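Biologist: Please show me the model, and then we can go through it by question and answer.

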Amino acid sequence: MAFLQLQGVHKHFGANHVLRGIDLEVERHQVVCLIGASGSGKSTVLRCINALEPITGGVIRIDGDRVSGYGVDLNDLRTDVGIVFQSFNLFPHKSVLQNITLAPIKVLKMDKGAAIAKAMELLERVGLTEKAHEYPDRLSGGQQQRVAIIRALAMDPRVLLLDEITSALDPELVAEVLNIVRELAAEGMTMMLATHEMSFAREVSSKVCFLHDGVIHEEGPPEQIFGDPRQERTQAFLKRIVDAGRL
Amino acid sequence: MSADIGAGVPVARRRVPRVLTYRTASVISLLFPFTGVLALINSVKAGGLAKVGQIEEARHRGERAREWCWYSLGYGLCVYFVAFMVILFVFLRGGALSDVYFDDVLFNGEAWDSLLTGFWINVQIFVWAEVLVLIWALVVALLRLLPGRACAPIRFVAAAYTDLFRSLPAILVIYLIVYGLQKARLPLLEHLDVRQYCIIALVLVYGAYVSEVYRAGIQSIHWSQLAAGRSLGLSYGQSMQHVVVPQAVRRIIPPLLNDFIGLQKDTALISVVGILEVLGRARFINNSQATFTGYTMAALLFIAITIPQARAAEWLIKRDHDKTRAA
């Protein structure tokens with residue numbers, strides 16, 4: 001059975017039917033990219049997986065465990081499923097180090113010294129050691145997003161969800177964030193990305209899913225989706241991307 | 001065709017400074033002659049320069065005239081206000097007003113002693129009340145913001161408390177609590193003294209106000225902060241405790257100080273239940289020494305504690321800002 005499994009997932013926001021039956025499987029160590037126009041449901045899929053949005057139909061399973069619906073310990077689920085947001089959402093009143101260590105200390109009950117040591121180790125990996133005691137507002141967007149990724153990683157998640165993590169960045173800051181994702185992919189981190197960075201999706205993903213109107217219209221290996229899309233809608237979407245000079 | 005674009009715009013009129021406006025304003029600003037004269041000179045020169053076609057120089061002069069006019073307004077009004085106050089207190093009826101308010105303020109040591117003793121009661125009461133309000137109001141606000149259908153009754157009760165105590169005059173609540181609780185002789189509450197009843201009354205009234213301040217502060221924190229907390233596995237309570245409330249508190253310092261100053265001043269109301277705090281003593285001095293200045297002294301005491309608090313709050317905010325915000 002696949003590590004992460006979505007079966008017939010539906011999501012309504014009031015009368016608005018956003019996800020209309022999503023079926024998706026992610027194996028361990030896979031990197032799955034969700035592509036599609038704004039409003040197609042990419043972000044909602046990710047937010048549903050770690051239950052920031054409750055789903056209104058279907059089933060989500062992680063490692064065989066049902067993690068959607070009644071009676072699921074959401075706090076426990078979220079220690080397994082990390083998410084990084086488009087707008088970073090760092091805690092502005094806490095230093096970088098406090099941002100990273102808050103959840104390990106409070107949720108995983110880690111020893112404070114151990115949590116700090118681990119945070120420093122992660123910071124060193126992304127070259128932000130000297131920013132440990134700085135506050136988020138004083139960092140560039142790219143630095144903030146790197147801290148946000150580390151904050152999620154500090155919980156040792158089994159899946160990492162990345163929700164358009166470069167969309168709010170100035171173009172010259174995108175690479176420093178994507179490099180981290182590249183490294184994580186190489187290390188075998190299981191990830192799902194909603195992204196508009198097509199060439200990056202093509203490069204890192206093991207599977208690409210094209211979403212349209214809350215349904216996965218086409219999925220396959222990146223070479224196939226980008227090189228030889230079969231569905232008309234996928235072709236039209238990619239043509240617009242190429243016309244815009246983004247692929 | 002392209003040559004016609006902008007043909008209807010009278011180019012010259014746009015470039016000539018509004019000399020007439022400056023001149024009128026300058027004449028008015030002569031009410032404050034120190035700068036008014038400068039305004040007038042510049043506006044006259046501007047007019048002359050404009051007439052001989054030196055538009056750019058005229059604009060410079062005109063602009064200076066305009067600036068001096070604003071100086072006249074800014075400084076002039078203040079000078080007239082101060083002059084008015086001097087007339088009011090010093091010259092009107094031979095300085096009757098300052099005699100009434102300030103006659104022996106500096107020399108009446110006996111009155112000062114008595115008032116300071118009284119004021120110390122006010123200080124103790126408002127310090128206790130403020131500490132309790134800080135906690136109590138946060139509890140009420142958090143209860144009112146509890147999510148879920150199950151907690152609807154709690155939200156309702158919290159809202160009802162807020163509505164009720166905000167609508168009652170503080171002085172009425174003091175009467176009701178002090179005399180009511182004394183009469184009822186409830187267990188535990190029976191042995192409290194009058195001051196403690198007063199603290200309860202003030203906490204009930206100001207807790208209602210401050211809970212609304214807290215609530216506004218908490219709701220002003222973007223939901224994505226709560227989402228970020230929850231996404232890391234923090235519970236709702238932990239996210240409120242570590243993420244939302246600390247940010248909200250930083251944001252509400254100014255309105256919080258507002259309510260605290262209100263509370264401090266309302267400690268004067270407890271003189272109605274016979275506590276000899278500062279206002280009660282001022283009244284006593286007024287009656288026994290036949291001098292009105294006790295009231296002035298009491299006023300000075302309230303001013304003396306309020307202004308430092310305002311500065312301290314500003315300092316706190318600035319310190320936090322310097323620490324966490326980009327330059």
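This is a predicted model: local features need pLDDT of at least 70, side-chain atom pairs count only at pLDDT 80 or more; totals for chains, interfaces and linings use all residues.

Modeller: Residues are numbered from 1 along each chain as its sequence is written, while chains are lettered from A and ligands numbered from 1 in the order in which they are written.

Biologist: In what order do the 6 strands of the open sheet of chain A stand?

Modeller: Helices (H or I, at least four residues) and strands (E, at least two) are DSSP runs, numbered from the N terminus. Two strands pair if DSSP finds at least two bridges between them. The pairing in this open sheet is mixed, and the order of its strands is 6-7-8-3-9-10.

Biologist: Why is one side of strand 6 and of strand 10 of chain A left without a neighbour in the sheet?

Modeller: Strand 6 (81–84) and strand 10 (215–220) of chain A stand at the edges. One side of each is left without a neighbour in the sheet because each has a single partner strand.

Biologist: Which residue of strand 8 of chain A is the bridge partner of Asp163(A)?

Modeller: Strand 7 and strand 8 of chain A are parallel and share 4 bridges. Strand 3 (residues 31–35) of chain A also runs parallel to strand 8, again with 4 bridges, and there Leu34(A) stands opposite Ala194(A). In strand 8, the bridge partner of Asp163(A) is Ala194(A).

Biologist: Which residue in strand 10 of chain A is the bridge partner of Cys209(A)?

Modeller: Strand 9 (residues 207–212) and strand 10 of chain A pair in the antiparallel sense, over 5 bridges. In strand 10, the partner of Cys209(A) is Glu219(A).

Biologist: Within what arc do the buried residues of helix 7 of chain B fall?

Modeller: A residue is buried if 20 or more other C-beta atoms lie within 10 Å of its own, exposed if 12 or fewer, and partly exposed in between, with C-beta atoms placed from the backbone. In helix 7 (residues 152–167) of chain B, Ala158(B), Thr162(B) and Phe165(B) are buried. The arc is that of the directions from the helix axis to the C-beta atoms. The buried residues line one face of helix 7, because they fall within an arc of 85°.

Biologist: Which residues on the other side of helix 8 of chain B are exposed?

Modeller: Ala170(B), Val173(B), Ile174(B), Ile177(B) and Val178(B) of helix 8 are buried. These residues lie on the same side of helix 8 of chain B, because they cover an arc of only 115° around the axis. On the other side, the exposed residues are Leu172(B), Lys183(B) and Ala184(B).

Biologist: Is Gln238(B) buried or partly exposed?

Modeller: Gln238(B) is in helix 11 (residues 236–251) of chain B. It has 18 C-beta neighbours inside 10 Å, so Gln238(B) counts as partly exposed.

Biologist: Which elements of chain A give two or more residues to the side that touches chain B?

Modeller: Two residues are in contact if their C-beta atoms, placed from the backbone, lie within 7 Å. By that rule, 20 residues of chain A are in contact with 20 residues of chain B. The elements of chain A that give two or more residues to this side are helix 2 (74–80) and helix 3 (96–106).

Note on methods:
The expected span of a helix is 1.5 Å times one less than its number of residues.
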